[in-house]
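Trainee: I have a structure open and want to learn how to read it. Where do we start?

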Amino acid sequence: MQPAHNVMVLYTGGTIGMQASANGLAPASGFEARMRQQLADQPVPAWRFREMAPLIDSANMNPDYWQRLRTAVVEAVDDGCDAVLILHGTDTLAYSAAAMSFQLLCLPAPVVFTGSMLPAGVPDSDAWENVSGALAALGQGLAAGVHLYFHGALMAPTRCAKIRSFGRHPFAALQRQENAARAESLPAALNYRQPKALANVGVLPLVPGIGAAQLDAMIGSGIQALILECFGSGTGPSDNPQFLASLQHAQDKGVVVVAITQCHEGGVELDVYEAGSRLRGVGVLSGGGMTREAAFGKLHALLGAGLASDEVRRLVELDLLAKPS
C-alpha cells in the first residue's frame, strides 16, 4: 500500500466528459486539458493521461473493450506508472470494474474506477470531486488490485452495484455472502499479463412460471456459460422436469451454469432447499455471494483464459481475489 507517485489516467468517455450534441449528451475529447486546469492546485499525485479509442457512452461497453483496457493498464505499469485511474460512465462501471478485477489478477499496482452522474462543468456536477478524491486516495496508498471510488467511498467492485439512476450516491456496497474457499493457486493463464480470448456468457433471470423453452433458447444460442439468477438462496422451478432436463442438457454440452441470487444481499446455498439441491443435481454450480457483475466478469476471465471446462467449473466456485494468508 505504497503511495502512488505516477498515475496513468485512462479516459474511456462516459458522462464525466460528455458535452451537448444535436442528439443529446455525447462523449467528447479534450478532457485532459479541462482536468489539468481544474486540478492545477490540488494536492494529488503526478499523473499522465491517455484517451482510449473510441470514446463511448458506457451503455456501449463490451468485453472486447475490456481487453483493450487490460492492455492499456499493463502498458502503463510497464512504463513506470505505479497506479491507474480509469474514468468510465456509471451505467456499466460496476460491470467493468468487476471484470477487470479478474482480468488483472496478480497486478502489482492499484487500479481505481470512477466517473460522475453529471458532466464536468455543469451546475452541481460530481465530476471533479470524484476525480480529485480518487487521485487523492491513490496518493495516500491503496492495495494492489481494482477498486471503485465514488463520492468519498472506496468499494470492492465484486461486492457492489449501481442501485440508483440519480443523485451523488449511485453505487452501494452490498452485504454479499463470503463463504467461498480461497483458491490456493491460480493457473498461469489467469495472470494479468496473459491476454484473454472473448467469451460468450449469457444471463437468465428466473421468473415464476419460466419454462424450458426460454432456457433451451439460451443454451442453443452458442453460449459457453450461463448465469442463472435464482430466487432467494438459490431455488428454481424444481418441479418442472423439462426445465431440469434442459439444465442437464446444458451440462452435457459443456455449458457452465452458475446460480446467483436475485436478492441484493446474501448469496446462494443450493443445498438448503430441495428446490435448490435439484439444481445442483443437474450440474448447476453455486455462485455463492457473487453479484451478477462479478459472475459475468469472472466467467469471461476463466473462459477467455482457455481453461478446460472442469477447471472452469472448479475455479468458478472459489475465491480468486483473496490474498494468500
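Mentor: With a definition. Two residues are in contact when heavy atoms lie within 4.5 Å. Keep in mind that this is a predicted model. Now apply contact to the domains. The protein chain divides into domain 1 (6-173) and domain 2 (188-317). Across the boundary, 22 residues of domain 1 are in contact with 19 residues of domain 2.

Trainee: What separation do the centres of domain 1 and domain 2 have?

Mentor: Taken over C-alpha atoms, the centres of domain 1 and domain 2 are 29 Å apart.

Trainee: Is Pro-187 buried or exposed?

Mentor: Buried means under 20% relative accessible area. Pro-187 has 19%, so it counts as buried. Beyond its neighbours within four places in sequence, Pro-187 contacts Leu-307, Glu-311 and Leu-315. Compare Glu-274, which is 87 residues from Pro-187 along the chain. Their C-alpha atoms are separated by 34 Å.

Trainee: Next, the cores. How many residues does the largest nonpolar core have?

Mentor: A nonpolar core is a set of buried nonpolar residues joined through side-chain atoms. The largest one here has 61 residues. Leu-10, Leu-104, Val-111 and Leu-320 have the most contacts inside it. Helix H2 (residues 63-78) supplies the largest share of this core, eight residues. Both domains take part: domain 1 (6-173) and domain 2 (188-317) each give at least three residues.

Trainee: Which residues does Leu-104 touch?

Mentor: Leaving out residues up to four places away in sequence, Leu-104 touches Arg-70, Val-73, Val-74, Val-111, Val-146 and Tyr-192. Another core, of 26 residues, lies apart from the largest one. Its members include Met-35, Leu-55, Leu-135 and Leu-142.

Trainee: How do I read a helix such as H3?

Mentor: Start with the geometry. An α-helix has 3.6 residues a turn, so residues three or four places apart point the same way. Then check burial. In H3, 10 of its 11 residues are buried. Among them are Leu-93, Ala-94, Met-100 and Phe-102.

Trainee: What covers the buried residues of H3?

Mentor: The cover includes H2, strand E6 (110-114), strand E7 (145-150) and helix H8 (292-304). Strands E9 (160-162) and E10 (171-173) are also part of it.

Trainee: Which residues does UniProt list for "binding site"?

Mentor: The unreviewed UniProt entry lists Ser-58, Thr-90 and Asp-91. Treat that with care: annotations may be inferred rather than shown by experiment. The three are spread over 34 residues of sequence, yet they cluster in space. Their largest C-alpha distance is 6.9 Å.

Trainee: Where is Thr-90 placed?

Mentor: Thr-90 is in the loop between strand E5 (83-87) and helix H3 (93-103). Asp-91 also lies in the loop between E5 and H3. With 5% relative accessibility, Thr-90 counts as buried. Now the contacts, again leaving out residues up to four places away in sequence. Thr-90 touches Ser-58, Ser-116, Met-117, Phe-150, Lys-162 and Phe-171. Asp-91 touches Ser-58 and Lys-162.

Trainee: How do I describe aromatic rings?

Mentor: A pair of aromatic rings is described by the distance of the centres and the angle of the planes. This structure holds seven aromatic pairs. Tyr-11 and Phe-49 make a tilted pair, 5.9 Å centre to centre with 40° between the planes. Tyr-11 lies in strand E1 (residues 6-13) and Phe-49 in strand E4 (residues 46-56), so the pair ties together parts 38 residues apart in sequence. Both Tyr-11 and Phe-49 are buried.

Trainee: Why is the pair of Phe-31 and Trp-128 stacked?

Mentor: Planes under 30 degrees apart count as stacked. The planes of Phe-31 and Trp-128 are at 15°, with ring centres 5.3 Å apart, so this pair is stacked. Phe-31 sits in helix H1 (residues 31-38) and Trp-128 in helix H4 (residues 127-140), so the pair ties together parts 97 residues apart in sequence. Phe-31 is buried at 1% relative accessible area. Trp-128 is buried at 16%. Ring pairs link Tyr-11, Phe-31, Trp-47, Phe-49 and Trp-128 into a cluster.

Trainee: Which ring does the charged end of Arg-36 sit over?

Mentor: The ring of Trp-47, 3.9 Å from its centre. Likewise, Arg-68 lies over the face of Tyr-65, at 4.6 Å from the ring centre.

Definitions and conventions. Residues numbered from 1 in each chain as written. Predicted model: local features only at pLDDT ≥ 70, side-chain atom pairs only at ≥ 80, totals over all residues. Heavy atoms only, no water. Core = buried A, V, L, I, M, F, W, Y, C linked by side-chain atoms within 4.5 Å. Buried < 20%, exposed > 50% of the residue type's maximum accessible area, 1.4 Å probe, protein only. Helix = DSSP H or I, 4+ residues; strand = E, 2+ residues; numbered from the N terminus. Domains from an automatic or database assignment. Phe/Tyr/Trp six-rings, centres within 6.5 Å; stacked < 30°, edge-to-face > 60°. Lys NZ or Arg CZ within 6 Å of the ring centre and 35° of its normal.
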